[in-house]
Amino acid sequence: MNDATMNNALMSNVKTTTKADVMTESKISAKNVQVFYGEKHAIKDVNIEIRPRSVTAFIGPSGCGKSTFLRCINRMNDTIDICRVEGDIAIDGENVYDPKVDPVQLRAKVGMVFQKPNPFPKTIYENVAYGPRIHGLARKKSEMDEIVATSLQKAGLWNEVKDRLDAPGTGLSGGQQQRLCIARAVAVSPEVILMDEPCSALDPIATAKVEELIHELRENYTIVIVTHSMQQAARVSQRTAMFHLGELVEEDDTDKMFTNPNDQRTQDYIMGRFG
Amino acid sequence: MTDATATLSNNNVRQVGGSLLVLDERTKKRNAAEARFRRMGQIAVMIGVLALIGLLASILSNGLSSFQQTYIAVDIHLDAAKLDKSGNRNPDEIAKVTTFGYMPLIQEAIKKKMAAEGISIDGLNAKAAAELISKEAPATLRNYVLSHIDAIGTTVPFKLLASGRIDGYYKGRVTMASAELDKNVSPEQLKLADELKQAGILTTAFNWDFFTAPDASDTRPEAAGLGVAILGSAYMMLIVLVLSLPIGVAASIYLEEFAPQNRLTDLIEVNIANLAAVPSIVFGILGLAVFINYAGLPQSAPIVGGLVLTLMTLPTIIIATRAALKAVPPSIRDAALGVGASKMQSIFHHVLPLAMPGILTGTIIGLAQALGETAPLLLIGMVAFVREYPAAPPEGFFDPASALPVQVYNWTQRGDPAFVERASGAIIVLLVFLVMMNLIAIILRRRFERRW
């Protein structure tokens with residue numbers, strides 16, 4: 001408890017915070033989460049606490065359920081007919097699977113960046129402005145311009161695109177597209193950003209830029225990132241969770257996970273013995 | 001040589017360590033198979049191309065002449081004594097003069113023209129000379145007089161249709177030899193036609209009437225046009241477009257994006273696919289039973305034709321639209337949902353615009369199919385002989401009309417050989433419309449297509 005208050009005090013220094021951050025130690029808290037794809041039991045009884053304003057990395061071999069679990073957090077799995085989720089996932093203490101929760105509102109609060117950069121086939125400006133527009137975040141054109149500019153600045157893309165905001169978003173390079181997607185997610189002022197292998201389609205230089213960006217975004221957002229790259233998890237995250245065959249093997253500080261993990265499976269995976 | 005092949009064929013396995021410069025038996029076989037397949041493909045394409053060329057050549061050679069028409073220029077004195085006996089220019093009384101009353105005027109005019117040019121043909125009386133002019137001409141005159149009452153008593157220059165046989169003479173359909181045997185035309189009349197042509201009285205000009213005039217009776221092929229058919233087809237296409245596009249797209253979006261996957265939707269899906277394969281005449285019977293007998297809509301009306309064709313076109317549009325929706329990458333939906341768009345927003349803002357080229361192409365192909373459809377229209381009475389133009393929409397949707405493909409069918413049933421030319425001409429017009437629609441489809445596809 002002491003730890004938590006200190007943590008919070010520290011953060012309120014960094015910037016003004018929303019009510020929930022100061023109240024709880026964990027931003028996202030999952031309890032006994034089970035996910036089924038038809039008959040397949042994809043996630044088995046996962047319990048995890050994710051801290052606010054930090055980067056949590058999910059690692060694990062392919063098909064271990066880390067992406068599935070990530071998509072449960074903003075209920076993107078709802079779009080899959082045969083997918084069924086049990087258990088609680090709470091954001092700021094509110095269960096996102098509560099029947100009263102509208103996934104549309106949830107997704108405004110929990111943004112997402114996907115594996116493959118997927119800008120809309122529209123202009124750069126429209127890509128960023130779309131979210132704020134449907135949520136009614138800007139009343140005037142000037143306000144929208146402001147949101148677009150700050151979002152692009154936060155995504156570190158502003159200097160590269162400020163002169164061609166009406167160029168198609170799909171015309172950017174892969175790395176730029178992914179940062180555009182991050183700007184798009186940031187534009188609706190989410191509290192949590194989920195990233196599903198955001199660098200797997202990028203070259204090392206673009207990857208470095210996105211990682212740098214994640215570092216900066218951490219100050220304001222709670223970030224959960226799924227990655228296949230051990231080095232990336234080590235570089236960007238403070239906490240790391242290891243998944244294997246649908247189970248959460250262990251979850252700890254990243255430093256500890258990569259130097260002295262508790263579980264043999266984590267040790268083996270990090271050493272490259274499987275996966 | 002035989003030795004070598006014998007040993008090789010026994011040994012069907014690739015020779016390990018053989019020279020790269022020597023083809024082994026397997027490679028030769030594979031290459032031969034590929035060459036065979038290519039030749040077969042080329043032959044298949046050639047057959048298709050030849051068939052198409054043959055078809056087009058025959059239609060064009062038969063039908064192009066229908067865009068030219070022979071006219072005879074005469075100055076007709078609209079004799080007041082014959083047209084308006086009472087002399088008070090009362091339109092009602094003038095209307096009582098039937099087309100028969102106008103025939104003598106034409107005879108007189110031809111006689112005068114021949115005298116003025118010094119043309120005389122042995123064994124040809126004034127009545128026979130006047131037969132060079134179409135039987136449609138008195139009606140043309142009468143319509144003119146009724147709309148220009150003031151012209152009575154004056155002499156007006158007219159360019160009247162030549163009769164079908166005279167027209168056929170200049171299109172190679174009628175010859176001196178065939179005229180001998182023909183009770184509708186005599187060699188003397190053909191001679192007179194030649195003289196008139198030399199004098200510049202008989203001319204050939206582009207046949208605008210072919211596109212605007214209504215159908216004409218069996219004995220007046222020269223006056224038959226596509227006006228009513230084009231109008232009827234246009235009305236039906238309008239109805240099909242207005243009904244089938246929204247219904248089809250709405251159904252597809254619901255089925256593709258919202259409907260749960262269960263037995264019922266599977267059944268609906270299978271049935272839509274089956275409906276696309278149902279013979280069109282079945283839709284005709286359905287239309288007859290439901291729209292005419294049950295709902296009491298008028299026969300031969302574009303509204304019924306349009307409804308029947310809408311039913312026929314819907315499966316095509318639904319299948320094309322669903323394919324187009326399926327082709328939109330799921331990453332776009334994810335992206336929209338990820339920023340908090342509702343399902344409806346993600347579909348209407350992102351998926352639908354991307355699917356638009358496919359939807360439009362499917363719609364236009366469906367429309368093109370509907371435009372060329374004949375069988376169901378025969379059953380709902382659109383094959384009737386219609387000379388009255390339908391009124392402007394929406395009332396016109398309930399007036400009797402014809403349709404292009406039905407007009408083609410209709411004309412091929414007529415006795416006069418001149419209708420062969422007319423039918424081929426109508427086919428050309430129909431084909432031009434179809435090509436235009438396909439071009440529009442291509443242009444729309446190009447314009448709306450976006451990379452992602």
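Colleague: Which residue stands opposite Val226(A) in β8(A)?
Modeller: Asp196(A) does, in this predicted model.

Colleague: How do you know that strand β7 (residues 192-196) of chain A and β8(A) pair?
Modeller: Count the bridges. Pairing takes at least two bridges. β7(A) and β8(A) are joined over 5 bridges, in the parallel sense. The count meets the cut-off, so the two strands pair.

Colleague: Why is strand β8 (residues 222-226) of chain A called mostly covered?
Modeller: Buried means under 20% relative accessible area. In β8(A), 5 of its 5 residues are buried, so the strand counts as mostly covered.

Colleague: Which residues of β8(A) point one way, and which the other?
Modeller: Thr222(A), Val224(A) and Val226(A) point one way. Ile223(A) and Ile225(A) point the other way. All are buried. As a general rule, side chains in a regular strand alternate between the two faces of the sheet.

Colleague: Which residues of α5(A) and α8(A) meet?
Modeller: From α5(A) come Ile124(A), Asn127(A), Val128(A) and Pro132(A). From α8(A) come Leu180(A), Ala183(A), Arg184(A) and Ala187(A). By class, the contact has 6 nonpolar, 1 polar and 1 charged residues.

Colleague: How do you know that α8(A) is roughly parallel to α9(A)?
Modeller: Try the angle test again. α8(A) and helix α9 (residues 204-217) of chain A pack at about 20°, and their axes are 9 Å apart. The cut-off is under 35 degrees, so α8(A) is roughly parallel to α9(A). α8(A) passes α9(A) in a right-handed crossing.

Colleague: Which residues of α8(A) meet α9(A)?
Modeller: Gly175(A), Arg179(A), Ile182(A) and Val186(A). They meet Ala206(A), Lys209(A), Val210(A), Leu213(A) and Leu217(A) in α9(A). The contact divides into 6 nonpolar, 1 polar and 2 charged residues. Gly counts as polar here.

Colleague: On to chain B. What is the strand order in the open sheet of 3 strands?
Modeller: The order is β2-β1-β3, with antiparallel pairing.

Colleague: What makes β2 (155-161) and β3 (202-206) of chain B stand at the edges?
Modeller: Each has a single partner strand, so one side of each is left without a neighbour in the sheet. Neighbouring strands are turned by 40° against each other on average, direction ignored.

Colleague: How do you know that strand β1 (residues 68-77) of chain B and β3(B) pair?
Modeller: They share 5 bridges in the antiparallel sense. At least two are needed, so they pair. In β3(B), Ala205(B) is the bridge partner of Gln69(B).

Colleague: Last one. Why is Arg89(B) called partly exposed?
Modeller: Its relative accessibility is 32%. Buried is under 20% and exposed over 50%. The value lies in between, so Arg89(B) counts as partly exposed. Arg89(B) sits in the loop between α3 (80-83) and α4 (91-95) of chain B. Among the residues Arg89(B) touches are Asp84(B) and Ile149(B).

Note on methods. Residues are numbered from 1 along each chain as its sequence is written. Chains are lettered from A and ligands numbered from 1 in the order in which they are written. This is a predicted model: local features need pLDDT of at least 70, side-chain atom pairs count only at pLDDT 80 or more; totals for chains, interfaces and linings use all residues. Side-chain values use heavy atoms; hydrogens and water are left out. Contact means heavy atoms within 4.5 Å. Helices (H or I, at least four residues) and strands (E, at least two) are DSSP runs, numbered from the N terminus. Axes are lines fitted to C-alpha atoms, for helices over the stretch in contact, and angles run from 0 to 180 degrees between N-to-C directions. Angles under 35 degrees count as roughly parallel, over 145 as roughly antiparallel, 65 to 115 as roughly perpendicular and the rest as oblique. A crossing is left-handed if the near helix is turned anticlockwise from the far one by less than a right angle, and right-handed if clockwise. Buried means under 20% relative accessible area, exposed over 50%, partly exposed in between (1.4 Å probe, protein chains only). Lists of a residue's contacts leave out its neighbours within four places in sequence.
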